[in-house]
Every structure is written in C-alpha cells, then in structure tokens.
Amino acid sequence: MTTPGRSAEQPFLEIKDLGVAFPTEDGLVRAVEGVSLSIERGRTLAIVGESGSGKSVTAQAIMGLIDRKIATVTGEIWLDGQELIGLPADDLRALRGGKVAMIFQDPMSSLHPFYRVGDQITEAIKAHRSIGAKAARAIALEMLRRVGIPAAERRIDDYPHQLSGGMRQRVMIAMALINAPELLIADEPTTALDVTVQAQILELITSLQGEFGITVIMITHDLGIVADVADDVAVMYGGRIVEVAPTGVLYAQPEMPYTLGLLSSIPRVDRELSARLEPIPGNPPSPIHLPLGCVFQPRCTYSDRVAGGACLSVRPDLLATAAGHLVRCHLPAEERRQISQGVLNVLAGGS
C-alpha cells in the first residue's frame, strides 16, 4: 500500500536531503549532509568513497541504527511507500532483519563469539516468525547450503572462530537473507578477504539477488569491485554525493575530479607493470571543519581553472550533466569531459 500523497511510480527506496550530525567536544560532526538518492526495485546501487565519506552512516540511517538521543537525523527516507525517519522504534525493529537486512563489514564483530552460528541464524528466524526450534534449524541449514558453506550439517554447530573469514562472511549473508528481505545493504562485504574470496562473495551476492529478487545497496571504498555488480554508482565525499551515474557511464565518462582520482588509484591489468598508481593527494576533510566551498577543493588539481575562485567560497550543487548523470563541480561540463578523456587515455596507455 502506498502512503497517501505518494505516487505508485515512486522508486522502491528514495532518500531526500538526508542529514546526520553528531555533537562532540570538538564541535558538530556533519557526517552526512544533503544526500538524495533513489533506487528501483531489484537493482543494485553502489555507494563508493573513502573512509569518513558518509557512506556507512547513510546505510545506518536507512536501517534506523542511528541513536537519535545523541545524533540529529533530518530529511526523508521512503522505503516502498513508508517513511522511515519518523517511524517508531518498535516498527523499525520489525523492519530490520525482515524487510531490510544488512551485511556488516566485520563478521567477527557482528557474530557473537559464544554462540554457535546455527543458533544465531535460528534466533534471527524466530525473531520474525512463529516457528519451532526444529523447523528453524532446518531453514538455517538449507540457507547455509545455499550460500555455499561446505559440510553445512557439521558447520551449523561451529563457533565463529572455527570458520575462515570467507565462511564467516557467508554466514552473515545467510543470516541477512534468512527472512527474505526486500532490501539488502552490504557494507564493505569483502574487506579483509583475499582477492579470490572477494570475487566469490560478490558473485554469491549477485546470484542470490537474482534468485530472491532483492534490491541491493553495496557500500565500498573500492571502485574496482563494483563494475560487474552494480547498475548505478553514487560517489560520496565529505558527507555529500559528488557524482551519480549508471555504472557504465561512470567508468566511461567520469566527470567529478574526485571520481577520476578514485579510478586513477585502481590497479589495472592492462597497465604496464612499471606504471605507478596515482593516489589522490592530501587527506579527506574533517567532518567538523569542512571547507567553505567545494569540499574536494584542497585536494583538487583543477580548481585553479575555475574563474573567480568559486571553489574556495561557493559550494557547488549536484546538477545533471546528462540523463541519469549528476555531478557536483564548478568546472564547465565540456572542460570536465576533456579532463576526463585525458585521464582515461593516460590510464589506458599506462603512461
């Protein structure tokens, strides 16, 4: 059922002008400011950015995990016609693990070390369904098989420390999917895993998404892992969205200098071995003391091309540069595209 005043054609998930701020002794931390995003049912959106960019806080706001006693959350989050920010705590708890689920970054921190993994999965089942212990265990065992846990009949009684990092992450995926959520948020699901296991986990999430028809938000600091799994990409920096585009467009024609910097720092198999990666100079801004103008200006090598020093004093808006492609940058669109093409040519040539 759609909330009155909301069109049935609205996206499955729509975030409007989201802001999250935490008061500290040093000042107000503006972790997220003015974030607006949408995702259609069944699609995958990747949110990419360095540590501290606001991507995980955005995910926590969607899940209703921000403590409203110590933080201020503003804006709107609409999920399938239901507004979440104003939802009572009990209703949010009912949504979590049911309609919305999350795979957290570190399974060793998320799984209880003193309980068997099977007991933790069955607890998640019984929290949302009226079901007996034997039936819940059977469902948990089947889900462990579906996520590729070998010898699931034995592993269901293991403790988290008895499993490898990849297997613990598979257990977390099983726990997230056990109640057939409609929205799955994967927060850095491949962190600390080796490259082979990373690929397996991403392939597993993509396969299960197709099987269950889930909408997925993939949060990562690595643009290199999203090319084959995401339909759209949102790049975050300093608590703001700085570029949004379909994945193919973002890789073929990135226009925000920060996005170009992320792409330049990705190892590529088509580069010469002697070619050096190009890290983004400097460090991300403090969320307490953000620059007055463009938040990326202190690290941007192109800000001197903008007339009147606007990058220093005027915060750029997130504007459409093409259908479905939004960019937050003062540089004229044509100049951004010329810069982008030049950088991509260098990356392709390895020179």
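**Notebook: helices, a sheet and a buried glutamine**

I began with helix α1 (residues 55-63), which lies across β1, β2 and β4 (72-79) and runs at about 110° to β1. Contact here means heavy atoms within 4.5 Å. Axes are lines fitted to C-alpha atoms, for helices over the stretch in contact, and angles run from 0 to 180 degrees between N-to-C directions. Helices (H or I, at least four residues) and strands (E, at least two) are DSSP runs, numbered from the N terminus.

I noted the basis. This is a predicted model, in which local features need pLDDT of at least 70 and side-chain atom pairs count only at pLDDT 80 or more, while totals for chains, interfaces and linings use all residues. Residues are numbered from 1 along each chain as its sequence is written, and side-chain values use heavy atoms, with hydrogens and water left out.

**Sheet**

I traced the strand order next. It is β2-β1-β4-β5, an open sheet of four strands with antiparallel pairing. Two strands pair if DSSP finds at least two bridges between them. β2 (27-39) and β5 (82-83) are at the edges, each with a single partner strand, so one side of each has no neighbour in the sheet. I then looked at β1 (residues 13-24): nine bridges join β1 to β2, and the two run antiparallel. Pro 23 stands opposite Leu 28 in β2.

**α4 and α7**

I checked how α4 (residues 117-126) packs on α7 (residues 165-177): the angle is about 20° and the axes are 9 Å apart. That makes α4 roughly parallel to α7 (angles under 35 degrees count as such). Val 117, Gln 120, Ile 121 and Ala 124 in α4 meet Val 171, Ala 174 and Met 175 in α7. By class, this contact has six nonpolar, one polar and no charged residues. Nonpolar covers Ala, Val, Leu, Ile, Met, Phe, Trp, Tyr, Cys and Pro; charged covers Asp, Glu, Lys and Arg; the others, Gly among them, are polar.

**Gln 169**

I stayed in α7, where Gln 169 sits. Gln 169 is buried, with a relative accessible area of 1% (buried means under 20%, with a 1.4 Å probe and protein chains only). Not counting residues up to four places away in sequence, Gln 169 touches Ile 103, Phe 104, Gln 105, Pro 107, Pro 189, Leu 193 and Ile 201.

**α10**

I finished at α10 (residues 257-264), which is mostly covered: eight of its eight residues are buried. Among them are Pro 257, Tyr 258 and Gly 261. The buried residues of α10 pack against β3 (44-48), β9 (232-237), β10 (240-246), α9 (247-252) and α12 (333-349).

Conventions. Angles under 35 degrees count as roughly parallel, over 145 as roughly antiparallel, 65 to 115 as roughly perpendicular and the rest as oblique. Buried means under 20% relative accessible area, exposed over 50%, partly exposed in between (1.4 Å probe, protein chains only).
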